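Please keep the sequence and the structure in view while reading.

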Amino acid sequence: MEIEQTLVATPVGDARISWHRPLGPARAVLGLGHGTGRGIEAADLAALAAALPAHGITVALVEQPWKVAGEKEAPEPQTLDTGWVPVAERLAAEGVPLVVGGRSAGARVACRTAAASGAAAVLAMAFPLHPPGQPEDSRAAELLGSGLPTLVVQGEKDPYGGPEEFPALPAGWRLADVPAADHVFAAPASAPLPATETLTLITRTVTTWLAGLAL
């Protein structure tokens, strides 16, 4: 299937949206940003883009300006946020409820900007709760700052923070753990779920959560 792409001008360069649309009318748009390593080709982002349109969700995979420009390293958080806000405005212009999210650094951006973007909810996948080995440097306030219903999908063995390290979440929020998975949701051969079933678990969890939102 040919993927429609849109360039969005931002103060820090052009961002690019790859649209994965349902065959019929969409009931919501899910905008997903990538991390500082892998781009929108990350397995979990690609799996959601493949699965959710069948449930009436338009998935918009967003490449930040630094990725579009071919840069090797991500800029500072403030620059990431500046590059995301105009994209969120473009997503909201679809005229259906907007859910924002992403993986790793993309999840952080979504949490920091969600309230200002008019989003209805946040999907935080592989949220980097702290740098590896530095649990005292917590980003919990960043996660909780949006005040919006949020689904956190976290690998059980994520060095950036396992599910048991997260604070108590507000009512209406959910933390879903992925057995034996690391920060990219990869798991050893001895894991209880093979790789394909891990991705199925993630897409099923997100699909169920979206269906339960009051959009």
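Which residues of helix 1 are buried? The model is a predicted one. In helix 1, which spans residues 43-51, the buried residues are D44, L45, A47, L48 and A49. An α-helix has 3.6 residues a turn, so residues three or four places apart point the same way. The cover over the buried residues of helix 1 includes strands 2, 3, 4, 5 and 6, together with helix 6.

**Nonpolar cores**

The largest nonpolar core contains 31 residues. Among the residues with the most contacts inside this core are I17, V87, L91 and F127.

Another core, of 28 residues, lies apart from the largest one; L48, M125, A176 and A181 are among its members.

Beyond its neighbours within four places in sequence, I17 is in contact with residues including A60, L61, V62, V87 and L91.

**A buried loop residue**

S104 is located in the loop between strand 5 and helix 4. Is S104 buried or exposed? S104 counts as buried because its relative accessible area is 11%, and the cut-off for burial is under 20%. Leaving out residues up to four places away in sequence, S104 touches G35, M125, A126, P128 and H183.

**Rings**

R21 lies over the face of W19, at 4.4 Å from the ring centre.

Definitions and conventions
Residues are numbered from 1 along each chain as its sequence is written. This is a predicted model: local features need pLDDT of at least 70, side-chain atom pairs count only at pLDDT 80 or more; totals for chains, interfaces and linings use all residues. Side-chain values use heavy atoms; hydrogens and water are left out. A nonpolar core is a set of buried Ala, Val, Leu, Ile, Met, Phe, Trp, Tyr and Cys residues joined through side-chain atoms within 4.5 Å. Buried means under 20% relative accessible area, exposed over 50%, partly exposed in between (1.4 Å probe, protein chains only). Contact means heavy atoms within 4.5 Å. Helices (H or I, at least four residues) and strands (E, at least two) are DSSP runs, numbered from the N terminus. A charge sits over a ring if NZ of Lys or CZ of Arg is within 6 Å of the ring centre and within 35 degrees of the ring normal.
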